[in-house]
Structures are given as structure tokens and as C-alpha cells.
Amino acid sequence: LMFHQLEMVEPSGWIHIPLLDLVNNPIRTFMIQIAVLANHQNGRDTHMRQIKVYTPVEESSIGKFPRCTTVDFMMYRTIR
């Protein structure tokens, strides 16, 4: 069980949160949970407009995966 708590004061723009273990390797997980524990500015609601999770590129046993460049692949590359 591993968790990371980050306190922000007046955040604005993209916030980069590295998800690394104790030896600076990317963590391996099936779930990432984001919890807002408190609101700032007299209790105004928190808005998360977009969350992106990037992973390192790994090679498979049959070589590198091809890049998704067709229109069909581009339509489904993000979760909406």
C-alpha cells in the first residue's frame, strides 16, 4: 500500500505529480485514486478539468508497439 499526499496553495495550470517508488522507478498499479481532502477560498468547489497519466514506453516480447496515427485510433486514445 502506497500513497502520496500533496498540499497545494492556490494551484493554477497543470500540476505534475511523479508517481515513483523509493528507488525512483515508476510505480506499477491497477488503480490511481485522487481525493480532495479540503477546499480553499472559503469552501469554493474544486474543479478537475482534465487528468492525464503518462507511462514509460516499454518493449513487448514481439518488439515495439506501433504508434497510433490513424484517425480511427486517434478518436479512442483518451477517456472521455
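Buried means under 20% relative accessible area, exposed means over 50%, and partly exposed lies in between, with a 1.4 Å probe and protein chains only. By that scale Ile-27 is partly exposed, at 30% relative accessibility. The model is predicted: local features need pLDDT of at least 70, side-chain atom pairs count only at pLDDT 80 or more, and totals for chains, interfaces and linings use all residues. Residues are numbered from 1 along each chain as its sequence is written, and side-chain values use heavy atoms, with hydrogens and water left out.

**Overall picture**

- The protein has one helix and zero strands. Helices (H or I, at least four residues) and strands (E, at least two) are DSSP runs, numbered from the N terminus.
- The protein has 80 residues, and 0% of them count as buried.
- Its accessible surface is about 9,100 Å². Carbon and sulfur atoms account for 56% of that surface. Accessible areas come from the Shrake-Rupley method with a 1.4 Å probe; for residues, only the protein chains shown count as cover.
- Take the contacts (heavy atoms within 4.5 Å) between residues at least 6 apart in sequence: 27% of them join residues at least 24 apart.

**Nonpolar surface patch**

- Leu-6, Met-8, Ile-15, Ile-17, Leu-19, Ile-32, Ile-34, Val-36, Met-48, Ile-51 and Val-53 make up a nonpolar patch on the surface.
- Patches take residues with over 30% relative accessible area and no salt bridge; like charges are joined within 9 Å, and nonpolar side chains (Val, Leu, Ile, Met, Phe, Trp, Tyr) within 5 Å. A salt bridge is a side-chain nitrogen of Lys or Arg within 4 Å of a carboxyl oxygen of Asp or Glu.
- Met-8 counts as partly exposed because its relative accessibility is 31%.

**Backbone at Asn-24**

- Asn-24 is not a glycine, yet it has a positive phi of about 60°.
- Asn-24 belongs to the segment before helix 1, which spans 71–75.
- Asn-24 has a relative accessible area of 58%, so it is exposed.

**Pairs separated along the chain**

- Glu-7 is in the segment before helix 1 and is exposed, at 71% relative accessibility. Its C-alpha atom is 9.6 Å from that of Leu-37, 30 residues apart along the chain.
- Ile-27 also falls in the segment before helix 1.
- Gln-41 is located in the segment before helix 1. Gln-41 is partly exposed, with 40% relative accessible area. Gln-41 and Val-9 are 32 residues apart along the chain, and their C-alpha atoms are separated by 9.9 Å.
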